[in-house]
Amino acid sequence: MRLPALVLACLCLIVSPALAQKLDVTPRVAVISAFPPEIGALNAATAQQKAYEVNGVRFMTGQLEGKPVVVFLSGVSMVNAAMTTQMALDRFNITRIVFSGIAGGVDEGLDIGDVVVADQWAQNLESAFARETDKGFEVSPSIRTTTLANYGMIFPRGIHMPGDALGAPARVWFPADAALLDTARKVAAQVALQRCAADKCLIHPPKVVVGGNGVSAPVFLDNAAYRKYLRATFEARVVDMESAAVAHVALVNGTPFIAFRSLSDLAGGGAGANEMHTFMALASDNSATVVKAFVKALP
């Protein structure tokens, strides 16, 4: 029997959700980094590897420190990070999300090589670019959804989540999971971090710092003035290009999230040229060292 084209189309719509079935049903911790230099040590430490590819993204399942994980690259910056995190949540049975990578230091009390585990993350360039008038920059109150100070024409805005009730306040901060932060505090003093990269060593021995604020935006920051603004306005300790996007997706999906970020540079606050390429490998390995200890300590 030949079915009309409209009926066939309807049948396809009914059947198509099966294409989104889980690739692997084992409960796993998602371990994410943005780009290859950040993930090498984590890949090397993952046993029983099995790879899956979805839309060009390679997801690798296995065992990290005795715990079932799926390890993958988010890609650099906010949209990539949000997209790949949601892809992973749709296709794997993810119980917790752990991000590992490098970042720029904003807090003057931190040094290159330190690993920062922020309590919460904001998308600092979610903003309105204001109209310039004779009286200065002007933004409509309906568009300006926070009281955070502006940086010239840039006025920070909050984010309304999908499903928010009409009139609900806009959200600035996306939290790390409290229980995961507790575990991070327990392992913070137990790890030995690298101090030297090739022939260059850090002045201060690196440390793990749990707590405070992180910010993310689709911008590589190497500007002293804007760094000072982030510290003053967001009380930020660290800045990167992915964590807040992943925290956003995790919150929407109700999945516990935490990010470990090791400082490769000072985001424009150093006395000389940016040192990311000098200390990228050291910072990546320091973050991975803490993440491995963290995953091992997970219940």
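Is Cys196 buried, partly exposed or exposed? Cys196 is partly exposed, at a relative accessible area of 37%; here buried means under 20% relative accessible area, exposed over 50%, and partly exposed in between, with a 1.4 Å probe and protein chains only. Before I continue, please note that this is a predicted model, in which local features need pLDDT of at least 70 and side-chain atom pairs count only at pLDDT 80 or more, while totals for chains, interfaces and linings use all residues. Residues are numbered from 1 along each chain as its sequence is written, and side-chain values use heavy atoms, with hydrogens and water left out.

I stay with the cysteine. Cys196 is joined to Cys201 by a disulfide, S to S 1.8 Å, where a disulfide is a pair of cysteine sulfur atoms within 2.5 Å. The structure holds 1 disulfide.

Next, helix α4, which spans residues 178–188. Helices (H or I, at least four residues) and strands (E, at least two) are DSSP runs, numbered from the N terminus. Within α4, the residues Leu180, Leu181, Thr183, Ala184, Val187 and Ala188 are buried. Viewed down the axis of α4, these buried residues fall within an arc of 160°, so they line one face of the helix; the arc is that of the directions from the helix axis to the C-beta atoms. Ala178 and Lys186 are exposed, on the face of α4 turned away from its buried side. The cover over the buried residues of α4 includes β5 (92–105), β6 (115–117), β15 (208–210), β18 (257–265) and α7 (276–297).

Met276 is buried, with a relative accessible area of 13%. Leaving aside neighbours within four places in sequence, Met276 is in contact, meaning heavy atoms within 4.5 Å, with Ile102, Phe220, Ser264 and Asp265. From C-alpha to C-alpha, Met276 and Asp265 are 5.0 Å apart in space, and they are 11 residues apart in sequence.

I now turn to strand β16, residues 213–216. Asn213 and Val215 point one way from β16, Gly214 and Ser216 point the other way, and all are buried. In general, the side chains of a regular strand alternate between the two faces of the sheet. Strand β7 (residues 120–123) runs parallel to β16 and is joined to it by 4 bridges; two strands pair if DSSP finds at least two bridges between them. Gln120 has Asn213 as its bridge partner in β16. Strand β17 (residues 236–240) also pairs with β16 in the parallel sense, over 4 bridges, and Gly214 stands opposite Val238 in β17.

Finally, two backbone angles. Most residues other than glycine have a negative phi. Glu235, in the loop between α5 and β17, has a positive phi of about 50° although it is not a glycine. Glu235 is exposed, with a relative accessible area of 54%. Gln48 lies in strand β2 (residues 46–54), and its phi is near 55°, a positive value. Gln48 is exposed, with a relative accessible area of 65%.
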